[in-house]
Amino acid sequence: MHVLVLGGGVIGITTAYELLQDGHEVTLVEREADVALGTSFANAGMVAPGHAFAWASPRAPKVLLRSLWRDDQALRFRFHADPAFWRWSLRFLRECTAERARLNTQRKHRLCTYSQGVLNEIVAQTGVAFDHKQTGLLYFHRTQETFERGVRNMAILRDMGQAQQILSRDEIAKLDPALEPMKDKIAGGIFSETDATGDCAMFTRALAGVVRAKGGMVRTGTTVTRLEADGARLVAVHTDKGKLQADAYVLALGIWSPKLLGNLDKWLPVYPVKGYSLTLPIGGNNIAPTVGAVDEDNLIAYSRLGDRLRVTATADFAGYNARHQPGDFAVMTRKMQDILPGGADYTRPQYWAGLRPMTPEGTPVMDTGRLKNLFFNTGHGHVGWTMSCGAARVTRDLIAGRAPAIPLDGMTLH
Ligand SMILES: Cc1cc2nc3c(=O)[nH]c(=O)nc-3n(C[C@H](O)[C@H](O)[C@H](O)COP(=O)(O)OP(=O)(O)OC[C@H]3O[C@@H](n4cnc5c(N)ncnc54)[C@H](O)[C@@H]3O)c2cc1C
């Protein structure tokens, strides 16, 4: 079968790889000059089933409301005229019950765990290098109150089989000596020893190389302009370089997926949520962290990626706007310097902002909808790097007509 994959982020490239493994002819189109220049470019690098919580929770409406008048918040909610934003927000609010939060978290965790296993298989098959470190991830809290709440919340994942250790500040300092000088600012933490870190863009670029070497065609610099359907089938994809046709198609355009789908099917509930990313070089004088972590009180994540420290923060409802300026990074830089003052060279930052393709539930959309040869693989939100390989394997199975290894309840459009 010839399959056309739309989008060259981590989701599109892993899907292309998996489809080649099944013997398909694969063409992938990406509008940028290279793969992984969209949201997959500079994320926090965390492969984190241990942090697969749904954002929609009973506490979320209060936190979002407070962000309307406080500016240093990890969450920034702003009103927009865009009807898709309102539709998305209302559905998000409906997900903010304890029962829905638990269910969505369980579904996310199941896919994340499956995906980590597939990632490890792909690494063993291909040998791709991406500064992969399997040293676990630490989720620490600054106050006793949030620490106790964090331990209670983590029980959902523990019940799903996620390995966790609850650590005191002294045990945290032993786990990562970079935190020893500042340990008094930490109340305690939860260590997910099976979580990992790795550079998502490096992985995507390396895997695109494998895809090409296996005979897949990766057409960068090609913009999809329109999808053409006839009855219950997609018959062509129009691009700025001409019309492309295949037997099956995969929609993996991240935040742009709903725009291209238009009204060919039901509304695809994927909306951008902006995040900011700082990459800092690590020099000989730095005492860099050895274990990636999330400062849960400030919602700041950091990962050691080779000789760089990647730091990300903020969930900003800013529409389709990935612009940024140095001032946007001031609060996160200050908070990182507070906990890891010598952790990296703060004088040479690389700034970036990306748009998470979020669904209100936090689960991605997969499988087909009204068009029986168009497979969705989109809406992976804040854990798209973690979910990528599993979602690609699921898509491969669906295209082959096989039952995926995990149930897809809550992860389809219909
Ligand atoms: C600040 C931040 C931190 C994050 N941290 C983590 C983390 O630690 N762990 C984790 O698991 N996830 C993380 N994520 C989430 C993760 O990065 C995303 O879920 C994932 O990258 C989404 O991949 P994608 O392939 O769907 O989207 P993208 O990478 O955006 O890929 C879509 C591609 O489609 C292309 N495209 C769009 N329109 C067209 C068109 N018309 N024609 C052709 N091509 C087109 C784009 O150029 C793009 O390359 C983070 C995200 C952000 C923003």
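1. Throughout this note, buried means under 20% relative accessible area, exposed means over 50%, and partly exposed lies in between, with a 1.4 Å probe and protein chains only. By that scale Arg100 is partly exposed, because its relative accessible area is 28%. The structure is a predicted model, in which local features need pLDDT of at least 70 and side-chain atom pairs count only at pLDDT 80 or more, while totals for chains, interfaces and linings use all residues. Residues are numbered from 1 along each chain as its sequence is written, and side-chain values use heavy atoms, with hydrogens and water left out.

2. Contact here means heavy atoms within 4.5 Å. With neighbours within four places in sequence set aside, the contacts of Trp385 include Val10, Met46, Leu119, Phe130 and Phe203. Asn43, Gly45, Asp199 and Cys200 are also among the contacts of Trp385.

3. Leu355 belongs to strand β18 (residues 350–358) and counts as buried because its relative accessibility is 6%. Beyond neighbours within four places in sequence, Leu355 touches residues including Thr39, Ile255, Pro272, Val273, Tyr320 and Ala322. The C-alpha atoms of Leu355 and Pro61 are separated by 21 Å, and these two residues are 294 residues apart along the chain.

4. Helix α4 has 29 residues, and its first and last C-alpha atoms are 41 Å apart. This is close to the expected 42 Å, where the expected span is 1.5 Å times one less than the number of residues. Gly127 follows α4 and has a positive phi, near 70°.

5. The whole structure holds 19 salt bridges, each defined as a side-chain nitrogen of Lys or Arg within 4 Å of a carboxyl oxygen of Asp or Glu. In one of them, the side chains of Arg396 and Glu18 meet at 2.8 Å, N to O. Arg396 lies in helix α10 and Glu18 in helix α1, so this pair ties together parts that are 378 residues apart in sequence. Both partners are buried: Arg396 has a relative accessible area of 14%, and Glu18 has 0%. Glu18 and Arg396 are also linked with Asp22, Glu121, Arg393, Asp397 and Arg402 in a network of salt bridges.

6. Two further pairs deserve mention. Arg100 bridges to Glu95, with the closest N and O atoms 2.9 Å apart; Glu95 counts as buried at 7% relative accessibility. Glu180 pairs with Lys183 at 3.3 Å between the closest N and O atoms. Glu180 is partly exposed at 38%, whereas Lys183 is buried at 18%.

7. On the surface, Leu65, Leu68, Trp69, Phe79 and Trp86 form a nonpolar patch with about 590 Å² of accessible area together. Patches consist of residues with over 30% relative accessible area and no salt bridge, like charges being joined within 9 Å and nonpolar side chains (Val, Leu, Ile, Met, Phe, Trp, Tyr) within 5 Å; accessible areas come from the Shrake-Rupley method with a 1.4 Å probe, and for residues only the protein chains shown count as cover. Trp69 sits in the loop between α2 (60–66) and β4 (75–76) and counts as exposed, at 62% relative accessibility.

Key:
Helices (H or I, at least four residues) and strands (E, at least two) are DSSP runs, numbered from the N terminus.
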